[in-house]
Amino acid sequence: MPAMPLFISVSEAASLPNRCFIDVRSRVVHGWDALGAYSKGHIAGAQFLAFDRVFARDPIFELGRHPWPDRRTVAAHLLGVLGPAGNALSRVIFYDDGGMNFAARAALCARWAGFTNAQILDGGLSAWARCGLPLDEGAPVAADHPAVERVNDFLRQTIAGAVPQMLGKAAFFNAVKQDDRLVIDGRPRERFAGRTETLDARPGHVPGAVNRPATENLDADGSLKSREALRREWGAVIGRRDPRSIVQMCGSGVAACLNAAALDTAGILPIAEAVLYPGSWSQWAADSNLPAEIGCRDTAE
């Protein structure tokens, strides 16, 4: 059976009889009050999961701002919001209002945990609202706390879905030294170039990396660009390089997930063949022994 597409349109998602919307707005966008943003307005019936607690481990200077989460943690929280009927085939649709970066990370984490039908709502909350579809206000319904035995059974009986290969710091360092690897950095251009840095230890980027801001995958309305536009733009970035040589990174392994998902949707590189460095610049920059470059570079040629 072919894998479920990573992105789902608002119209298709709204028409599904059995689906679970999960709001993963992050404190990166909403300060410390992502839950408050949910309470002020969310997709009717949507659940809320704290992105920074479920889809990332606690930030550690040496590991980066959003270390990749524990599979058990992701599975337990998703089984909790899905309730007793939740299983590996449940239609779980993630959304945010931050350019789909957080929803992309959450969907990949969910697939990695075994929920193979996890998807990203194309355009997020803004697209849903533009279509005049129902919104609710108020706090989320308290989720179940699945028994340890249920989580254990789920993890034993499921395998990770199609997700990128994850590189730790040492493996990434070795990859950078290889001329056959192409590092793509999904941060905004001013941060990649080292003109500003307010989040991580120092400005700049990994030597030899190429910049493709994740925001450039989106059209003016915040939805994913057409397959043709993505193929054209990514083709200009990659040039004659083999897409399988790409290693995706960003500031903390979040926006890089959207870049990887966009390549999958464009038909350039299946998500199962993608490679991701979750520690990203926040981990690299924390090690003063590692080099950094300043300046712009937006093509591999």
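1. **Helix H6, length.** Helix H6 covers residues 101–113 of this predicted model. Its 13 residues, at 1.5 Å a residue, should span 18 Å.

2. H6 is mostly covered, with 13 of its 13 residues buried. Gly114 comes just after the helix and takes a positive phi of about 120°.

3. **Entry to H6.** Met100 lies in the loop between E5 and H6. Its phi is near 70°, a positive value in a residue other than glycine. Is Met100 buried or exposed? Its relative accessibility is 1%, so Met100 counts as buried. The cut-off for buried is under 20%.

4. **H6 against H12.** Helix H12 spans residues 255–265. The axes of H6 and H12 come within 7 Å and cross at roughly 75°. The two helices are therefore roughly perpendicular to each other; the range for that label is 65 to 115 degrees. On the H6 side, the contact is made by Asn101, Ala104, Arg105 and Leu108. On the H12 side, Ala255, Cys257 and Leu258 take part. By class, this contact has five nonpolar residues, one polar and one charged.

5. **Helix H12, burial.** Nine of the eleven residues of H12 are buried, so the helix is largely enclosed by the rest of the structure. The buried residues run as follows: Ala255, Ala256, Cys257, Leu258, Asn259, Ala260, Ala261, Ala262 and Leu263. Just after H12, Gly267 has a positive phi of about 75°.

6. **The five-stranded sheet.** What is the strand order in the open sheet of five strands? The order is E1-E6-E5-E2-E4, and the pairing is parallel. Strands E1 (7–8) and E4 (47–48) stand at the edges. Each has a single partner strand, so one side of each is left without a neighbour in the sheet. Strands of a sheet pair through backbone hydrogen bonds.

7. Strand E6 holds residues 119–121. E1 pairs with E6 in the parallel sense, over two bridges. Ile8 has Leu121 of E6 as its bridge partner. E5 also pairs with E6 in the parallel sense, again over two bridges. Here the bridge partner of Ile93 is Gln119.

8. **Strand E5.** E5 (residues 92–95) is covered on both faces. Val92 and Phe94 are buried on one side, Ile93 and Tyr95 on the other. Strand E2 (residues 20–23) is joined to E5 by four bridges, and the two run parallel. Asp23 stands opposite Tyr95 of E5.

9. **Strands E9 and E11.** Strand E9 (residues 182–185) pairs with E11 in the parallel sense over four bridges. Asp185 stands opposite Met249 in E11. In E11 (residues 246–249), Ile246 and Gln248 point one way. Val247 and Met249 point the other way, and all are buried.

10. **Pro203.** Where does Pro203 lie? It sits in the loop between helix H10 (189–192) and strand E10 (210–211). At 36% relative accessibility, Pro203 counts as partly exposed. Trp281 is 78 residues from Pro203 along the chain, yet their C-alpha atoms are separated by 9.2 Å. Neighbours within four places in sequence aside, Pro203 is in contact with Gly194, Glu197, Trp281, Ala292 and Ile294.

11. **Ser280.** Ser280 is found in helix H13 (residues 280–284). Phi of Ser280 is near 50°, a positive value in a residue other than glycine. Ser280 has a relative accessible area of 0%, which means that it counts as buried.

12. **Thr73.** The place of Thr73 is in helix H5 (residues 71–82). Thr73 has 27% relative accessibility and so counts as partly exposed. Which residues does Thr73 contact, leaving aside its neighbours within four places in sequence? They are Arg53 and Val54. Thr73 and Val151 are 78 residues apart in sequence; C-alpha to C-alpha, they are 9.3 Å apart.

Key. Residues numbered from 1 in each chain as written. Predicted model: local features only at pLDDT ≥ 70, side-chain atom pairs only at ≥ 80, totals over all residues. Heavy atoms only, no water. Pairing = 2+ DSSP bridges. Expected span 1.5 Å × (residues − 1). Buried < 20%, exposed > 50% of the residue type's maximum accessible area, 1.4 Å probe, protein only. Axes fitted to C-alpha atoms, helices over the stretch in contact; angles between N-to-C directions. Parallel < 35°, antiparallel > 145°, perpendicular 65-115°, else oblique. Contact = heavy atoms within 4.5 Å. Nonpolar A, V, L, I, M, F, W, Y, C, P; charged D, E, K, R; others polar.
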